[in-house]
Amino acid sequence: MKKRSRPSAWAKSFERSLKAMTRLATASSTRALKKSLKPAVAKRAPPPGAGAWMPGVVMGAAGARRFRVYRPPGVGFGEKLPLVVMLHGCGQDANSFAASTRMNRIAMRERFLVLYPEQDRLANGQGCWNWFDTKTGRAYGEAALIMQAVDQVCLLHPVDRARIAIAGLSAGASMAALLVTRHPGRFKAVVMHSGIPPGTAHSTLSALGAMHGHRVTTPLMTTPNAMEAHWPPLLVIHGDADAVVSPKNGQAAAQVWADAAGAKASEARSVQRGQRYPMSVTDFKRQGSTVATLVAVSGLAHAWSGGAASKAFSDGQGPDASRMVWAFAARQFRMQQDP
């Protein structure tokens with residue numbers, strides 16, 4: 001029987017090199033895999049903070065839409081909390097909008113629920129709400145689905161139905177306003193951040209014109225008495241450096257609300273908090289009651305004012321829009337409760 005020869009020095013060196021290359025390739029592949037999975041994992045991860053982050057879905061004639069609900073910790077038995085509905089803008093979803101606005105952090109401190117409806121990419125490739133497509137009725141179908149999500153959350157969670165507010169960014173702001181025109185009695189406050197008012201577009205082409213401020217907004221189909229009895233007041237937040245949605249739309253949104261209510265603009269006041277962008281605030285009042293408020297933020301582009309600086313469509317240097325949303329809504333809730 002032949003004696004087995006020992007491997008040569010060259011063979012040993014080759015074997016060591018092969019093992020080293022294998023380890024290197026494996027590590028490189030693992031890093032690449034982790035890098036490719038990171039966005040997907042981040043998208044699934046809940047926003048930071050205590051409380052429950054719960055999924056949901058609604059189905060109707062316009063299809064199906066997912067949503068998320070934030071519920072603060074420690075809700076007591078029989079306790080009823082306000083609800084704030086948050087509609088994201090184009091290129092966002094429920095998770096990214098919650099992370100950008102940090103509204104859950106305020107909800108945890110002030111104790112309210114937050115509903116984040118989510119647009120389906122099959123309905124709009126950019127994730128935009130089709131607020132403008134009233135000609136075909138698609139806008140109304142999506143509004144009905146969002147209203148269905150509100151109803152479902154009111155049924156399954158401890159919501160005070162008399163204290164519901166709605167806010168949105170960009171296309172979400174436009175959809176929020178459209179929803180209120182169809183169900184004004186369901187909301188106590190509405191906030192449009194960098195959006196286009198209802199009655200300004202009816203198709204994709206007209207929406208593009210509206211974004212550049214080239215469209216005229218038609219009056220709301222209501223009366224001053226109906227506005228006073230049923231319609232919620234409007235808060236508009238818009239940056240004067242917005243190159244995506246013209247600031248003219250912010251002025252038009254506040255004005256169309258004021259005109260419908262027979263309200264007049266008061267003198268604008270300048271406000272600045274610390275080193276944040278300054279803002280000009282104009283109230284539109286009728287018989288001492290504020291019907292609409294326009295906040296024009298100097299230097300703010302198309303982004304959520306005061307949001308998380310690391311997130312898209314978010315500017316940490318602006319005044320905190322999330323705080324403004326809650327302060328505005330809470331004021332309407334208190335006014336309703338006061339005798």
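A residue is called buried when its relative accessible area is under 20%, exposed when it is over 50%, and partly exposed in between (1.4 Å probe, protein chains only). Strands (E, at least two residues) and helices (H or I, at least four) are DSSP runs, numbered from the N terminus. This is a predicted model, in which local features need pLDDT of at least 70, side-chain atom pairs count only at pLDDT 80 or more, and totals for chains, interfaces and linings use all residues. Residues are numbered from 1 along each chain as its sequence is written, and side-chain values use heavy atoms, with hydrogens and water left out.

Start with strand β6, residues 189-193. Five of its five residues are buried. Ala189, Val191 and His193 point one way from the strand, while Val190 and Met192 point the other way.

β6 has partners. Two strands count as paired if DSSP finds at least two bridges between them. β5 and β6 are parallel and share five bridges. Histidine 193 in β6 is the bridge partner of leucine 169. β6 also runs parallel to β7 (residues 234-239), with four bridges joining them. There, valine 191 is bridged to leucine 235 of β7.

β5, α5 and β6 form a right-handed β-α-β unit. Right-handed means that, with the strands pointing away from the viewer, the path from the first strand over the helix to the second runs clockwise.

Now turn to α4. The expected span of a helix is 1.5 Å times one less than its number of residues. For the 19 residues of α4 that gives 27 Å, and its end C-alpha atoms are 27 Å apart, which agrees. Its buried residues include Leu145, Ile146 and Val150. The buried residues of α4 pack against β1 (52-60), β2 (63-71), β3 (81-87), β4, β5 (159-169) and α5 (171-182).

Between β4 (113-117) and α4 (138-156) runs a loop that holds glutamate 118. Is glutamate 118 buried or exposed? It is buried, with a relative accessible area of 13%. A contact means heavy atoms within 4.5 Å. Leaving out residues up to four places away in sequence, glutamate 118 touches Arg65, Arg66, Phe67, His88, Asp93, Ala94, Asn95 and Trp129. A polar atom of its side chain lies 3.0 Å from the backbone nitrogen of alanine 94.

How far can the model be trusted? pLDDT is the predictor's confidence in each residue, from 0 to 100. The protein averages 89, and 86% of the residues score at least 70. Over residues 1-5, pLDDT stays under 50. Where pLDDT is low, the predicted coordinates should not be read in detail.

Methods:
Polar contact = N/O pair within 3.5 Å; in protein donor to acceptor, adjacent residues only side chain to side chain.
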